[in-house]
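Please open the model in a viewer and keep the selection tool at hand.

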Amino acid sequence: MNEEQSIGRVLEDIPGDVQWVIVADNGSTDDTAHAARERGARVVSEPRRGYGYACLAGIANLPTGAEIVVFMDGDYSDYPTELLDLVSAMVEQEADLVVGSRVLGQREKGSLTPQQRFGNWLSTRLIRLLYGFSYTDLGPFRAIRADALRRLNMQDRTYGWTVEMQVKALQHQMKVVEVPVRYRKRIGKSKVSGTISGSVKAGAKILWTIGKLAVKKPKIED
C-alpha cells in the first residue's frame, strides 16, 4: 500500500530466475500499481486494507504450475536477491516452509523498532512453549511450497498473517527451517510499526492468533 517510492527497486532486484511476480495493491492512493506494471509485474487489486487481505489476493492469482511461493514486503527493507537463499534452503533441506530471520541475519541500525523486537521475542517464546519449536522471527520474507500453502488454508486478513502461517505449519507437522536474511530501514514510514497504535494493534492480533490456533486447531487433511 502506497509504496510508489520503493516498489520499483524491489522488482528490479528480484533475480531473473523467478518466473512470475505478483504485486498486491492494497488500496494505494499513489502510483504504486503503475510503477509495478512498468517493471513487468502482474498487479492485482485488493482495496480492503490489511496485510492478510493483500497476501490472500496474491494467492488467489497464483498461476497454474507454481511450485514455490515467496512472500516479501514492497518497502525495500528486505534484500530481494536473497530470495535464492530461501529457495536453495528449501530444496537442499527438503523443507516445506523457509522463514527469513532478521534476528539471525545482519540488520541495519534502527531497521527493527524496539516494539518489533519485543513482539518477536514474546511471540516466538509462546510458540516454543506450545509447540516446542524455536522460531527466532516472524519475518515477512518467506518461501513456502505451493502444495503446503494450500493445506494451511490461510484465513487471517490483517496483522496475524505471518504467525498464522508459522503456527499452522507446525500443527501440520511440516518441515520448517529459518535462514539468516539481511534487513534495512524501509523506504517511507511503516503503517504498522511506525505508529504506537499500529504496533499495539499488531501485537494484540498476533498474540490473539497464537492463542486462538492453540485452542481451536485447524482440520488437517494431509
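Which side chain meets that of Arg39 in a salt bridge? Select Glu12: its side chain and that of Arg39 form a salt bridge with an N to O distance of 2.9 Å (a salt bridge being a side-chain nitrogen of Lys or Arg within 4 Å of a carboxyl oxygen of Asp or Glu). Arg39 lies in the loop between helix 2 (32-38) and strand 2 (42-45) and Glu12 in helix 1 (residues 7-13), so the pair ties together parts that are 27 residues apart in sequence. Helices (H or I, at least four residues) and strands (E, at least two) are DSSP runs, numbered from the N terminus. Arg39 is partly exposed at 38% relative accessibility, while Glu12 is exposed at 52%. Here buried means under 20% relative accessible area, exposed over 50%, and partly exposed in between, with a 1.4 Å probe and protein chains only.

The model is predicted: local features need pLDDT of at least 70, side-chain atom pairs count only at pLDDT 80 or more, and totals for chains, interfaces and linings use all residues. Residues are numbered from 1 along each chain as its sequence is written, and side-chain values use heavy atoms, with hydrogens and water left out.

**Further salt bridges**

The structure holds nine salt bridges. Select Glu46 and Arg48 next, whose side chains meet in one of them at 2.9 Å, N to O. Glu46 is buried, at 7% relative accessibility, whereas Arg48 is partly exposed, at 48%.

Move to helix 7 (residues 161-171), where Glu164 and Lys168 are four residues apart, a separation of about one helical turn. Their side chains form a salt bridge of 2.7 Å, N to O. Glu164 is buried at 4% relative accessibility, and Lys168 is buried at 5%. Then select Glu3, Asp75 and Arg186, which a network of salt bridges links.

**The sheet and the helix across it**

Display the open sheet of four strands, whose order is 3-5-4-6 with mixed pairing; two strands pair if DSSP finds at least two bridges between them. Its edge strands, each pairing on one side only, are strand 3 (68-71) and strand 6 (176-180). From one strand to the next, the twist averages 20 degrees.

Within the sheet, strand 4 (residues 97-101) and strand 5 (residues 142-145) run antiparallel and are joined by three bridges. To locate the pairing, select Val98, whose bridge partner in strand 5 is Ala143.

Axes are lines fitted to C-alpha atoms, for helices over the stretch in contact, and angles run from 0 to 180 degrees between N-to-C directions. Contact means heavy atoms within 4.5 Å.

**Asp13 and its contacts**

Return to helix 1 and select Asp13, a partly exposed residue with a relative accessible area of 27%. Not counting residues up to four places away in sequence, Asp13 touches Tyr76, Pro80, Thr81 and Arg184. The side chains of Asp13 and Tyr76 are joined by a polar contact of 2.5 Å (a pair of N or O atoms within 3.5 Å; within protein, one must be able to donate a hydrogen and the other to accept it, and residues adjacent in sequence count only if both atoms are side-chain atoms). Glu82 is 69 residues from Asp13 in sequence, with 9.7 Å between their C-alpha atoms.

**Two positive phi values**

Select Glu94, in the loop between helix 4 and strand 4. Glu94 is not a glycine, yet its phi is positive, near 55 degrees; Glu94 is exposed, at 64% relative accessibility. Asn153, in the loop between helix 6 (146-152) and helix 7, is likewise not a glycine and has a positive phi of about 50 degrees.

**The nonpolar cores**

Which residues touch the most other members of the largest nonpolar core? Select Phe71, Leu97, Ile127, Ile144 and Met165, from a core of 26 residues. A nonpolar core is a set of buried Ala, Val, Leu, Ile, Met, Phe, Trp, Tyr and Cys residues joined through side-chain atoms within 4.5 Å. Helix 7 gives the most to this core, with six residues. Apart from it lies another core, of 11 residues, including Leu86, Ala89, Ala143 and Val177.
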